[in-house]
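Hello,

Have a look at it first, and then read on.

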Amino acid sequence: MFQDFWCHIADIVWWAAKPQGLKSVKAEGEAPKNSIADVPEWINVAYEFDNMDIHWTSTPPDVPGAKDRSIGAYFEGSKGTLVCDYNTREIRIDGEVMEDVTTVDQFIPRSPGHQQNFVDAVKNRTQPESNLAYAREMTLPMHLALISFRLGGRALEWNAKREKFKGDRDANELLERKPRKEWDLV
């Protein structure tokens, strides 16, 4: 679930806030129960970037406006907050809900949908919205959180330029795996 929902929710954050320079990750969660999967039952992750902190939780956070919402993102700034999911938006400034805000300026073009965007990109010879470079940058922190979880939830320092954990051989060994054997159809 973390891997699936991350791609949808983190996408909102990456489009809106463009996190840069991941410094650290710490993930805590509950080991899977009665499952062949190795993903946590629930997971809480703390990320530190150069320009912001990001916190992920599998359960609604204890923040104004988040209770009883669907999956979504909560943005907190120096003057207010924005809670958004796929059905609603709520803007608070100094703790007060802004009922008179009927529209919000749109800075990101609305997507025509994954499939149509891909077809349009092929026809126009342009990059699709979810191109590989973007998807890699946006999903890398999710994979690093799972490494932290698998190592007992310890905090890991990340060198964004070298794309290696600082001083942690166990964590670095989990960054790649031995390739499988080549396919043989004969």
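**What I found**

Phe118, Val119 and Val122 make a nonpolar surface patch of about 270 Å². Patches are built from residues with over 30% relative accessible area and no salt bridge, with like charges joined within 9 Å and nonpolar side chains (Val, Leu, Ile, Met, Phe, Trp, Tyr) within 5 Å. Accessible areas come from the Shrake-Rupley method with a 1.4 Å probe, and for residues only the protein chains shown count as cover. Val119 sits in helix α2, residues 114–124. Its relative accessibility is 36%, so Val119 counts as partly exposed; buried means under 20% relative accessible area, exposed over 50%, and partly exposed in between (1.4 Å probe, protein chains only).

Before going further, please note that this is a predicted model, in which local features need pLDDT of at least 70, side-chain atom pairs count only at pLDDT 80 or more, and totals for chains, interfaces and linings use all residues. Residues are numbered from 1 along each chain as its sequence is written, and side-chain values use heavy atoms, leaving out hydrogens and water.

**The chain as a whole**

The chain has four helices and nine strands. These are DSSP runs numbered from the N terminus, with helices being H or I of at least four residues and strands E of at least two. Starting at the N terminus, the order of elements is α-β-β-β-β-β-β-β-α-α-β-β-α. The C-alpha trace spans about 65 × 45 × 35 Å along its principal axes. Of the 186 residues, 27% count as buried. The accessible surface comes to about 13,700 Å², and 51% of that belongs to carbon and sulfur atoms. Among contacts (heavy atoms within 4.5 Å) between residues at least 6 apart in sequence, 48% join residues at least 24 apart.

Helix α3 covers residues 132–150, 19 residues in total. From its first C-alpha to its last, α3 reaches 26 Å, close to the 27 Å expected at 1.5 Å a residue; the expected span is 1.5 Å times one less than the number of residues. Where does α3 have its kink? The kink lies at Thr139, shortly before the proline Pro141, and comes to about 35°. The bend at a residue is the angle between axes fitted to the seven residues ending there and the seven starting there.

Thr139 counts as buried because its relative accessibility is 15%. Leaving aside residues up to four places away in sequence, Thr139 touches Trp6 and Cys7. Other buried residues of α3 include Tyr134, Met138, Pro141, Met142 and Phe149. What do the buried residues of α3 pack against? Their partners are α1 (2–17), β1 (22–29), β2 (43–49), β8 (156–159), β9 (164–165) and α4 (169–173).

Helix α1 has a kink of about 30°, centred on His8. The buried residues of α1 are Phe2, Trp6, Ile9, Ala10, Asp11, Val13 and Trp14, and they pack against β2, β3, β4 (72–76) and α3. After α1 comes Lys18, which has a positive phi near 50°.

**Salt bridges**

Side chains of opposite charge can pair when their charged atoms come close. How many salt bridges does the structure hold? There are seven, each being a side-chain nitrogen of Lys or Arg within 4 Å of a carboxyl oxygen of Asp or Glu.

- Lys23 pairs with Asp50, with the closest N and O atoms 3.9 Å apart. This pair links distant parts of the chain, as Lys23 is in strand β1 and Asp50 in the loop between β2 and β3 (53–57), 27 residues apart. Lys23 is partly exposed at 35% relative accessible area, whereas Asp50 is exposed at 55%.
- Lys26 and Glu28 meet at 3.4 Å, N to O. Lys26 is partly exposed at 31%, and Glu28 is partly exposed at 44%.
- Arg154 and Asp168 meet at 2.9 Å, N to O. Arg154 lies in the loop between α3 and β8 and Asp168 in the loop between β9 and α4, so this pair ties together parts 14 residues apart in sequence. Arg154 is partly exposed at 32%, while Asp168 is buried at 12%.

There is also a network: salt bridges with shared partners join Lys23, Glu48 and Asp50.

Best wishes
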